[in-house]
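Here are some notes for a colleague who is opening this structure for the first time. Please read them with the sequence and the 3D view at hand.

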Amino acid sequence: MNLQPVGNTEIVRKQVYQGHPSANDGENKPTEITYPTTEVVGHGSFGVVFTTTIKETGEDVAIKKVLQDRRFKNRELEIMKLLKHLNIIDLKYYFYEKDTHGEVYLNLILDYMPQSLYQRLRHFVHIPSAMPRLEIKCYMYQLFKSLNYLHNFAFVCHRDIKPQNLLVDPDTFALRICDFGSAKQLKPTEPNVSYICSRYYRAPELIFGATHYSNQIDVWSSGCVMAELLLGQPMFPGESGIDQLVEIIKILGTPSRQEICAMNPNYMEHKFPQIKPIPLSRVFKKEDEQTVQFLTDTLKYDPMERFSALQCLCSSYFDELRHAQGQLKQIVDSLRLLQFDYSTEFAHLTQDQLQAVRLKLQATQVR
Ligand SMILES: Nc1ncnc2c1ncn2[C@@H]1O[C@H](COP(=O)(O)OP(=O)(O)OP(=O)(O)O)[C@@H](O)[C@H]1O
Ligand SMILES: [Mg+2]
């Protein structure tokens with residue numbers, strides 16, 4: 001597909017660096033590319049995103065332009081350079097430019113995806129109809145595949161999983177995570193800010209002000225995304241930071257002392273009104289048992305009890321994809337759902353664990 005240029009098209013010529021230079025590129029010498037200017041597709045809190053097609057290669061790309069503070073390395077760029085996964089937006093090239101005021105901007109040239117999961121869901125809400133359950137399952141599986149790679153291979157926590165940061169192709173059901181502007185490699189011994197992640201998707205340990213949280217915050221956010229796709233609206237629509245906790249407690253009930261301790265031991269002295277949990281089977285009346293159980297496993301207060309990304313992939317909720325036949329099998333194959341790169345996606349496992357996971361996931365090896 002050729003992305004449409006705007007009326008007064010100007011051809012831009014840039015010297016760019018490779019996102020993933022190969023070993024024989026040496027010091028990553030810049031190459032020249034040209035592209036027509038096109039319309040802005042996204043206004044984020046940190047910059048603008050526009051889409052175009054690179055003339056030399058015919059690649060459709062999105063260019064994310066962010067102000068670069070000269071005092072610091074850009075963390076988003078450093079992290080994106082590390083990542084190479086089918087379900088993660090790929091950094092193709094990058095370059096810097098100065099505006100007339102002397103401000104420096106970093107431009108990330110990324111592979112293009114037609115829409116965000118947020119837009120896809122709005123489409124169904126507008127019709128109105130429910131998003132097909134199988135489409136949701138395909139997206140969730142790819143989300144957990146990318147999180148398993150991020151958490152266990154790159155040791156990166158995304159910290160802003162939400163429908164706007166998940167890009168999809170509704171024709172193929174492909175999903176890729178984007179926006180690594182909040183991502184960080186968490187170190188168990190170093191504290192991190194707890195005012196991170198968009199409100200509806202914030203894990204309870206973040207609301208409790210924890211500074212030693214783990215990659216498990218991404219799993220909570222993913223559970224919230226899935227719940228939203230099923231319900232057609234956010235599951236925990238908090239109006240403020242603390243109201244977010246009220247929304248969670250209204251459904252999951254008051255956390256036990258043990259759960260509060262697991263989220264943030266400094267909060268133990270606080271007293272909370274005792275609210276009983278509503279079974280998720282009542283919240284998701286139309287969903288089958290496996291779906292409800294899967295949501296229960298991802299939306300656990302205690303981050304250690306909450307499923308890891310790999311446990312999520314192994315859940316029986318996804319068995320339908322593994323036993324697919326006919327048209328669904330074609331989708332599973334074209335999205336390469338059962339294919340794994342063992343050296344990056346399973347490298348953290350012992351031989352016994354690998355054997356068990358391989359059997360469960362019916363995983364075949366790529367590369
Ligand atoms: N590779 C891409 N292909 C197509 N659209 C994209 C791509 N990357 C980003 N976008 C669009 O631009 C929007 C903003 O991008 P991104 O989330 O990376 O920026 P941001 O400034 O960090 O945003 P925010 O802080 O609001 O999350 C996305 O929600 C999406 O709609
Ligand atoms: Mg974003």
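1. The loop between helix 14 (351-361) and strand 12 (364-365) holds Gln362, a residue that has a positive phi of about 50° although it is not a glycine. Please keep in mind here, as in every point below, that this is a predicted model. Gln362 has 13 C-beta neighbours inside 10 Å and therefore counts as partly exposed.

2. A positive phi also occurs at Cys197, again not a glycine, where the angle is about 80°. Cys197 belongs to the loop that runs between strand 10 (174-177) and helix 4 (204-207), and because 23 C-beta neighbours lie inside 10 Å, with 20 or more needed, this residue counts as buried.

3. In the loop between helix 2 (117-126) and helix 3 (133-154) one finds Pro128, which is joined to Ile127 by a cis peptide bond with an omega of about -10°. As background to these points, most residues other than glycine have a negative phi, and most peptide bonds are trans.

4. Helix 3 also packs with helix 5 (residues 216-231), the two axes coming within 11 Å and crossing at roughly 170°. Since an angle over 145 degrees counts as roughly antiparallel, the two helices are therefore roughly antiparallel to each other.

5. On the helix 3 side of this contact are Ile136, Met140, Leu143, Phe144 and Leu147, which meet Asp218, Ser222, Met226, Leu229 and Leu230 of helix 5. By residue class, the contact of helix 3 with helix 5 divides into 8 nonpolar, 1 polar and 1 charged.

Methods: Residues are numbered from 1 along each chain as its sequence is written. Chains are lettered from A and ligands numbered from 1 in the order in which they are written. This is a predicted model: local features need pLDDT of at least 70, side-chain atom pairs count only at pLDDT 80 or more; totals for chains, interfaces and linings use all residues. Helices (H or I, at least four residues) and strands (E, at least two) are DSSP runs, numbered from the N terminus. A residue is buried if 20 or more other C-beta atoms lie within 10 Å of its own, exposed if 12 or fewer, and partly exposed in between; C-beta atoms are placed from the backbone. Axes are lines fitted to C-alpha atoms, for helices over the stretch in contact, and angles run from 0 to 180 degrees between N-to-C directions. Angles under 35 degrees count as roughly parallel, over 145 as roughly antiparallel, 65 to 115 as roughly perpendicular and the rest as oblique. Two residues are in contact if their C-beta atoms, placed from the backbone, lie within 7 Å. Ala, Val, Leu, Ile, Met, Phe, Trp, Tyr, Cys and Pro count as nonpolar, Asp, Glu, Lys and Arg as charged, and the others, Gly among them, as polar.
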